[in-house]
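Opened the notebook to look up salt bridges and confidence. Here is what I was looking at.

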Amino acid sequence: MAGAKLSPRQKMIGMMYLVLTALLALNISKEVLNGFVKVENSLISTQATLADKVDDTFGTLKAKYLNNQEKVGPFYNKAEEISSDSKELVTYISMLKARCLAASEKKLQEQEEVNFADYYGVDEYGRDTVLNLAHIQIKDEYMALTAYMVGSDPDNPTGASEDWYANAGNISQWRTEGQWSAKSLRRALERYRDDILSIKVIDIDGNERTLPENLKKSIEERFSFENEIENGVDVLWEAANFYDVPLAAVMPLMSKMIIDVQDAEAEILTWLLGGIEAKSLKFSEVMPFVMPQSNYIIKGDTARANILLAAFDPTRVPEIYVEQEKWDGEDSTEIDYSNLEKLPVDDIGQGQLAFSTRGMKLGQYQYRGVIRYQGPEGDMESKNFITPIFTVAEAALVVSPTKMNVFYRGLDNPVDISVPGVANDKLRVSISSGHKIRKQADGSYIVDPSSSNSNKIAKISVKGEMPDGTIADLGSKEFRVKRIPDPVPFWSGKRPSNRTITKNEVLSFAPLAAKMDNFDFDVKVRVKSFTIRVSKDGTFKELTSGNNRLTNDMKALLERVRRGNTIYFEDIVVGLPDGTERILAPMKLKVTS
């Protein structure tokens, strides 16, 4: 079933969402926030289109039911059930979106019913509407939103008990009992998924109809909520999508969930409609179908699409033509196919469309075409079609350091590198002279910066192999190269910021250690030597150790200190992984008891 796949528009919007999320991680603020507004508006437009499609399909089902209630009844009754469940779920998600907006603006009152007039409503068609993200000033707010949707513990999201979800009634009960959280949202979507996967229809002949496997697979993939991996850590779906995630990213994410519900509803209704006349499908009801492999195209790549009749008769191979000139959106004249080259058609009736984008300007392109086929009476008939919009764009390189935005000498610096629209195994990654980069088994990269202090910039360049075999330059990113920060000395639980120590702590005779303070990397620091000076009765006694441990003389000296004496740790020399030696800040500790 062709409808079981994501639409080209959804794929493009999904890709835009991923790119904007990656940019948001790089702290590109205002432009990225505005980008999310555009994605949200595009998703809202898609929701309206899908709602119209659902209404049209349901209207067709109802018309057939009125003409033949006995035959169509089982399919129509199931369609009513699915449409009711879908509407309830869409309303729940829409209200939850409104609550997220209110929570982010700190207008959500826990002890009273929220007035949703400013955030939620119903339009003239009876469809849910939510305040547009463009009208929200604090689009990057995440703290109040996180508290509302997940709570303080990402490993234990707020929400009802599992028994409650298992025994709860319809989604209206969830709204009535105040189940508003990321956990409740996930359970609602999972319940909807499980309900539609178990659909069964007994037709007039007593045959049991269940969903085809490809449609089940599409629904399972669309409503999958597996844990995600973030920085090598297994993270719950609720935390990955709503914990410390700004409002600007959450709104289009939830709009996409509404589209997933609408898509599933449309596919089920289409399947029910097809089941009514599965044994007597009329060729006259067929419509052309265009399936682009991708409509977000990197400049230099090749745009590709499959064009077919939605119901194909292998004994009647269609003729398919596409105009070479870009459609201006207004030309409605009849297509003259006599001078057009016929597209190749495969064994299942798919016309193979391919055109190069080399030399094309950046922007959107759409084309007209005609598909000719043999009708029920044997005469050749024609149906015009318009391809989806293809967007020709420059490559959008995303390079995300997984630890921080600089590289440190002497350390393995992990980096994730990806380019939307290009498979990772097709990327060719290099780094500027003096530095090294190597690929890991999991597809990530490790950068080994130059040891030279004068080489302060590392430039990562990426090229990619396009589907047509050409190699495209996909861009580059520069990173600063710094030496590892100085570690901090520790002794007997004390650090330079401490000023006092007890006699019992002194007599622990602990080794002198040095650690990296507030540093994301696991760096091993070795103390190579240090000096102890003890102030006693106005005189100083000074002793030196050639490693990190106290000498016997030092221990003997420390045994004689008393209240009021001062111990100094000075000339602390440590060795670091970058090959350098550092002299750390001294420690001064006064014995208090």
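Predicted model: local features only at pLDDT ≥ 70, side-chain atom pairs only at ≥ 80, totals over all residues.

Is glutamate 40 buried or exposed? Glutamate 40 is buried, because its relative accessible area is 2% and the cut-off for buried is under 20%. Next I looked for its partner: the side chain of glutamate 40 forms a salt bridge with that of lysine 97, at 2.8 Å from N to O. I noted that this pair joins distant parts of the chain, with glutamate 40 in helix H2 (residues 30–67) and lysine 97 in helix H3 (residues 69–104), 57 residues apart. Lysine 97 counts as buried too, at 4% relative accessibility.

Then I went to glutamate 505, whose side chain meets that of lysine 494 in a salt bridge (3.7 Å, N to O). Glutamate 505 sits in helix H11 (residues 503–506) and lysine 494 in the loop between strand E24 (488–490) and strand E25 (500–501), so the bridge ties together parts 11 residues apart in sequence. I checked burial here as well: lysine 494 is buried at 15%, while glutamate 505 is partly exposed at 27%.

One more pair: arginine 533 and glutamate 542 form a salt bridge at 3.4 Å, N to O. Arginine 533 came up as partly exposed, at 22% relative accessibility.

I also found a salt-bridge network, with Glu162, Lys183 and Arg186 among its members. My count of salt bridges came to 28.

Last, confidence. The chain's mean pLDDT is 82, with 83% of residues at 70 or more. I found the lowest confidence in helix H1 (residues 8–25), at a mean of 50, and the highest in strand E21 (residues 445–448), at 94.

Technical notes: Residues numbered from 1 in each chain as written. Heavy atoms only, no water. pLDDT = per-residue confidence, 0-100. Helix = DSSP H or I, 4+ residues; strand = E, 2+ residues; numbered from the N terminus. Salt bridge = Lys/Arg side-chain N within 4 Å of Asp/Glu carboxyl O. Buried < 20%, exposed > 50% of the residue type's maximum accessible area, 1.4 Å probe, protein only.
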